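Subject: Structure handover

Hello,

Here is the structure I said I would pass on. My notes on what turned up in it follow below.

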Amino acid sequence: MYNIKDIVVALATIPGKSALNVVRVSGPNLTSLYRKLTLNKERPKPNYAKPCFVYNIKNKEKIDFSVVTYFKGPKSFTGDDVLEISTHGGYVIVNELIQTIINTGARQAQPGEFSYRAFINNKIDLLQAESISMIASSTNDIDAYYAVNNTKGSLSEQINQSHQIIQDII
């Protein structure tokens, strides 16, 4: 199983040629990492996107001009502190950024680990977690439509209502 006590990092967008990449970081107390990456001494403002440079922590050189968004747990997708860093696309910048974060003690997230953390922290239920996976693998509009609706909890709500009706009958 996953270790949910450590800091994990992963590319949240498809790798390759693109206009931008999004790197997601999740774990406890990410304010220190935020300050190191941005060379900003102030505490990050929760739920606020800040355009700024991100830096290589070892040599203090600029990696890229990015948009860094900080989500303070438990008010985040995973329930932990989360950083989402939007950088320019391609491989070079994102690889350097991820390696910089790993050098601080984070580890590469496993597939599905962010959703797993959200499930463990009661941010989503199992049907919602499965629906997130379904969205990524959808090949048509109908599958995507139902998967997106399920991520909102619509199917879970219907099941809970049916369960309550059955409980009332019993």
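Leaving out residues up to four places away in sequence, Val-23 touches Val-9, Ala-10, Leu-11, Ala-12, Leu-83, Glu-84, Ile-85, Val-94, Leu-97, Ile-98 and Ile-101. Please keep in mind that this is a predicted model.

Val-23 also belongs to the largest nonpolar core, which has 21 residues. The members that touch the most other members are Val-23, Val-25, Leu-33, Leu-83, Ile-85, Leu-97 and Ile-101. Two or more residues of this core come from each of β2 (20-27), α1 (31-38), β3 (48-55), β4 (62-71), β5 (81-88) and α2 (92-102). Which element gives the largest share? That is α2, with five residues. As general background, nonpolar side chains in soluble globular proteins tend to be buried together.

Overall layout

The chain contains six helices and six strands. In sequence order, the pattern is β-β-α-β-β-β-α-β-α-α-α-α. The C-alpha trace spans about 65 × 35 × 30 Å along its principal axes. Of the 170 residues in the chain, 38% are buried. If you take the contacts between residues at least 6 apart in sequence, 53% of them join residues at least 24 apart.

Thr-100 sits in helix α2. Is Thr-100 buried or exposed? Its relative accessible area is 3%, so Thr-100 counts as buried. Apart from neighbours within four places in sequence, Thr-100 is in contact with Leu-37, Tyr-55, Asn-56, Ile-57 and Ile-63.

Helix α3

Helix α3 covers residues 113-120, and six of its eight residues are buried, so the helix is mostly covered. The buried ones are Glu-113, Phe-114, Ser-115, Tyr-116, Arg-117 and Ala-118. What lies over these buried residues of α3 includes β1 (8-11), β2, β6 (107-108) and α4. After α3 comes Asn-122, which has a positive phi near 60°.

The pair α4 and α5

Two packed helices are described by the angle between their axes and the distance between the axes. For helix α4 (residues 126-137) and helix α5 (residues 141-151), the axes come within 8 Å and cross at roughly 150°. An angle over 145 degrees counts as roughly antiparallel, and therefore α4 is roughly antiparallel to α5. The crossing of α4 past α5 is left-handed.

Which residues make this contact? On the α4 side they are Gln-128, Ser-131, Ile-132, Met-134 and Ile-135. On the α5 side they are Ala-147, Val-148, Asn-150 and Thr-151. Sorted by type, the residues of this contact are five nonpolar, four polar and no charged. In an α-helix there are 3.6 residues a turn, so residues three or four places apart point the same way.

Gln-128, which takes part in the contact with α5, is found in helix α4. With a relative accessibility of 11%, Gln-128 counts as buried. Gln-128 and Phe-65 are 63 residues apart along the chain, and their C-alpha atoms are separated by 34 Å.

Backbone points in the loops

- Asn-29 lies in the loop between β2 and α1. Asn-29 is not a glycine, yet its phi is positive, at about 45°. Its relative accessible area of 52% makes Asn-29 exposed.
- Lys-60 is in the loop between β3 and β4. Lys-60 also has a positive phi in a residue other than glycine, here near 60°. At 47% relative accessible area, Lys-60 is partly exposed.
- Pro-74 has its place in the loop between β4 and β5. The peptide bond that leads from Gly-73 to Pro-74 is cis, with omega near 5°.

Regards

Definitions and conventions. Residues numbered from 1 in each chain as written. Predicted model: local features only at pLDDT ≥ 70, side-chain atom pairs only at ≥ 80, totals over all residues. Heavy atoms only, no water. Axes fitted to C-alpha atoms, helices over the stretch in contact; angles between N-to-C directions. Helix = DSSP H or I, 4+ residues; strand = E, 2+ residues; numbered from the N terminus. Parallel < 35°, antiparallel > 145°, perpendicular 65-115°, else oblique. Left-handed = near helix turned anticlockwise from the far one by under 90°. Contact = heavy atoms within 4.5 Å. Nonpolar A, V, L, I, M, F, W, Y, C, P; charged D, E, K, R; others polar. Core = buried A, V, L, I, M, F, W, Y, C linked by side-chain atoms within 4.5 Å. Buried < 20%, exposed > 50% of the residue type's maximum accessible area, 1.4 Å probe, protein only.
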